[in-house]
Amino acid sequence: MNPTLLEILPLAHKGYCCSQILVLLALAAQGRENPELVRAAMGLCHGMGGTGGACGIMTGGCLALGLYTGKGRDEETPFEQGDALVSDFVDWFSQRAQDDYGATTCAAILSDGKPDPTRCGGLMADAWNTMLELLVAYGLDPSAGRE
């Protein structure tokens with residue numbers, strides 16, 4: 001079985017949605033916890049508030065990448081190539097979801113309107129691995145947060 005899926009499935013069984021899981025994976029990679037951020041990521045669950053809109057894997061992935069690239073304090077500056085990195089992730093996800101499901105929405109990806117371990121789990125594992133590859137390609141260490 002995919003080792004990334006082995007990290008994802010226990011989180012899903014604990015009741016976290018796709019967007020929350022990607023944030024949890026990013027925080028864990030950095031050795032950090034941030035329950036407020038994980039809680040906030042719930043707003044992206046199941047296509048943004050359960051509407052079936054933009055998939056939480058895509059939106060949660062963008063949120064998690066922002067942990068590495070974004071501005072969080074007045075004295076910080078965002079990572080110069082942050083927009084390009086996130087855009088590369090969105091392009092990858094869009095192509096993958098379009099090829100496999102015809103669109104990037106939860107409604108298109110979910111076969112019966114409910115999260116599916118095979119569809120969502122596999123796509124999320126691939127998304128996390130792509131995120132890690134992109135971070136490294138852009139010269140960022142996935143284990144290092146912005147402080």
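1. The largest cavity is lined by Cys-17, Cys-18, His-46, Gly-47, Cys-55, Gly-56, Ile-57, Cys-106, Ile-109, Leu-110, Pro-115 and Cys-120. Helix 4 (56-69) and helix 6 (106-109) each give two or more residues to this lining. A cavity here is a set of points on a 1 Å grid over the protein atoms alone where a 1.4 Å probe fits but cannot get out, and lining residues have an atom within 4 Å of a point.

2. This is a predicted model, in which local features need pLDDT of at least 70 and side-chain atom pairs pLDDT 80 or more, while totals for chains, interfaces and linings use all residues. Residues are numbered from 1 along each chain as its sequence is written, and side-chain values use heavy atoms, without hydrogens and water.

3. The volume of the largest cavity is about 90 Å³. Its lining comprises nine nonpolar, three polar and no charged residues.

4. Glu-76 lies in the loop between helix 4 and helix 5 (82-101). Glu-76 counts as buried because its relative accessibility is 12%. Its side chain reaches the backbone nitrogen of Gly-72 at 2.5 Å.

Technical notes
Helices (H or I, at least four residues) and strands (E, at least two) are DSSP runs, numbered from the N terminus. Buried means under 20% relative accessible area, exposed over 50%, partly exposed in between (1.4 Å probe, protein chains only). A polar contact is a pair of N or O atoms within 3.5 Å; within protein, one must be able to donate a hydrogen and the other to accept it, and residues adjacent in sequence count only if both atoms are side-chain atoms. On a 1 Å grid over the protein atoms alone, a cavity is a set of points where a 1.4 Å probe fits but cannot get out, and a pocket is an open set with protein on both sides within 12 Å along at least five of seven lines; lining residues have an atom within 4 Å of a point. Grid points are joined across faces, edges and corners, and a volume is the space filled by probe spheres set on the points. Ala, Val, Leu, Ile, Met, Phe, Trp, Tyr, Cys and Pro count as nonpolar, Asp, Glu, Lys and Arg as charged, and the others, Gly among them, as polar.
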